[in-house]
Amino acid sequence: MKCYTCQEEITTYMCTGCSKYFCVDDLMKHREELKLQFHQIEDQRNQFAQTLDDEKNNHPLIQQITQWEQASIEKIRQTAKEQRNLVQQYSQTIEVKLRSFTEEMQTIVKKNDFNEIILKKLQIQLEDLKNQLYQTDYIQIKQDSSSTFINKLFINITPTTTNLKWKQQATTIAGGNEEGNQFNQFNQFNAPFGICVDDQQQTIYVADCENHRIIKWKFGERNGEVVAGGNGEGNRIDQLNNPCNVILDRNKKSLIICDNGNERVVRWSLENQNDIQILIEDISCFGLMMNNKGDLFVSDCRRNEVRRWKKDEKQETIVAGGNGKGDKLNQLNAPGFIFVDREDSIYVLDCLNHRVMKWLKGAKEGIIVAGGQGQGNSLKQLSYPQGLVVNENGDVFVVDCSNHRVMCWPSDSKEGRVVVGGNGEGEGSNQLHYPGGLVIDRANNLYVVDSYNNRIQRFDIDTN
């Protein structure tokens, strides 16, 4: 094979990075060029690190905060001075009254003419002067809540995902090696569905549904690792049956799994494979989420409701649905994935109604926030929605499963926009085939479970 550089027919060796072949001499030169490029990046990194260190206290925002602080302190000082002068002026008026009162007493002494009535009158006058100085009936300090005397300062570093765009060509980060149903195959999936991301550990956990197991897959690895199930289909404590969803409980270093086929929710320790606990029984679980307080929310497909289990309590509460199967605003039909925001509002994938519902905390009925126009493929419709994420602005990101796309429905919008996919079913890097779960990491990259392609696709944020 010819050397890519010198074009000589000679023994060559492939560079795994660029997949080109080089002779020994040119391969060494190629590696030196790569090393040079690496050092250039390293120099840029060092320069940036120095810039970052220099900017810590000189950042323009720091300067703005300092200016705000100084201006606010000056306003406080000026206002306090003005109000203090008012109080002092008021005290001076009482001093004038006190002098008049003193003169009156001196006159009485000179005349040596006083009795019980005069003494009582003097006592009342003196008490009144005291009250005028100290009692709030005479003088008060009030705070004007509508005043812009001092403006509050907020630094908002949280990016909004509403107007962001993603690269349309995805990277397969797990699976993609066709369907696999052998228990000793750790680079394949069989109908994966739910997913969660551990940003701290650069790891994903995937509900490998038809293989009855949960796979842990580190970024950049070629194979995953079974961390729950993997002992065949069954209802033993160490088995799973079509797990459809999984979340990470970082505080307890465990996974919580929707063991759908066994109609139960289980906790599986990440530190001890024998530490397994059944949390909830007799539930056709599908959607699963935990809020910041440790309360667990689970959707029940059979009962068409979402229930909440408060931390350390066994009694559950219905927080969405629970009024039978239907398409009314207080009903659900086969609820799937769910999302819980900071106010404990519940977003529910109302799958067979082809819509997403939002139930405010304590509400008796939901609000349609995506779809709800019947099954279809227009920008106002959904078809068997699956994965669900909601950002802090209330923008709904939903997997439109049968349309093989992911959509974003901005808050209060009547229609969505296609985020990724939407190019027909297929296995291309810009295509999806009946996608399932969806998550967005801290860097706003999208992770989509491409179920029928048995792979996990990451669509990177488009910084351009």
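Modeller: Let us begin with Q188, which touches N177, E178, E179, G180, D208, N211 and R213 when residues up to four places away in sequence are not counted. Please keep in mind that this is a predicted model.

Colleague: Where does Q188 lie, and is Q188 buried or exposed?

Modeller: Q188 is in the loop between β3 and β4. Its relative accessible area is 14%, and because buried means under 20%, Q188 counts as buried.

Colleague: Which backbone atom lies 2.8 Å from a polar atom of the Q188 side chain?

Modeller: That atom is the backbone oxygen of N177.

Colleague: Where is N241 found, and which residues does N241 touch?

Modeller: N241 is found in the loop between β7 (225–229) and β8 (243–249). Leaving aside residues up to four places away in sequence, N241 touches H212, E233, G234, D259, N260, G261 and N262. With a relative accessibility of 12%, N241 counts as buried.

Colleague: How should I read a pair of aromatic rings?

Modeller: A pair of aromatic rings is described by two values, the distance of the centres and the angle of the planes. In this structure, a search of the whole model finds eight aromatic pairs. One of them joins F189 and W217, with 5.6 Å centre to centre and 45° between the planes, and this pair is tilted. The pair links distant parts of the chain, 28 residues apart: F189 is in the loop between β3 (171–175) and β4 (192–198), and W217 is in strand β6 (residues 213–218).

Colleague: Is F189 buried or exposed, and is W217 buried or exposed?

Modeller: F189 is buried, at 0% relative accessible area. W217 also counts as buried, at 2% relative accessibility.

Modeller: A further tilted pair is formed by Y434 and Y452, with 4.8 Å between centres and 50° between planes. Y434 lies in the loop between β23 and β24 (438–440), and Y452 in the loop between β25 (446–450) and β26 (455–459), so the pair ties together parts that are 18 residues apart in sequence. Here Y434 is partly exposed at 28% relative accessible area, while Y452 counts as exposed at 55%.

Colleague: Which residues do ring pairs link into a cluster?

Modeller: The cluster consists of F193, F286 and F337.

Colleague: How many residues of strand β16 are buried, and how many bridges join β16 to β17?

Modeller: Strand β16 (residues 335–340) is mostly covered, with six of its six residues buried. Four bridges join β16 to strand β17 (residues 346–350), and the two run antiparallel. Within this pairing, F339 has Y347 in β17 as its bridge partner. The two strands form a hairpin with five residues between them, and D344 in the turn has a positive phi of about 65°.

Colleague: Lastly, how should I read a helix?

Modeller: An α-helix has 3.6 residues a turn, so residues three or four places apart point the same way. Helix α2 (residues 60–111) has 52 residues and reaches 77 Å from its first C-alpha to its last, close to the 76 Å expected at 1.5 Å a residue. Its buried residues are S72, I94, F101 and I108. Just after α2, N112 takes a positive phi of about 55°.

How values were computed. Residues are numbered from 1 along each chain as its sequence is written. This is a predicted model: local features need pLDDT of at least 70, side-chain atom pairs count only at pLDDT 80 or more; totals for chains, interfaces and linings use all residues. Side-chain values use heavy atoms; hydrogens and water are left out. Rings of Phe, Tyr and Trp (its six-membered ring) pair if their centres lie within 6.5 Å; planes under 30 degrees apart count as stacked, over 60 as edge-to-face and the rest as tilted. Buried means under 20% relative accessible area, exposed over 50%, partly exposed in between (1.4 Å probe, protein chains only). Two strands pair if DSSP finds at least two bridges between them. A polar contact is a pair of N or O atoms within 3.5 Å; within protein, one must be able to donate a hydrogen and the other to accept it, and residues adjacent in sequence count only if both atoms are side-chain atoms. Contact means heavy atoms within 4.5 Å. The expected span of a helix is 1.5 Å times one less than its number of residues.
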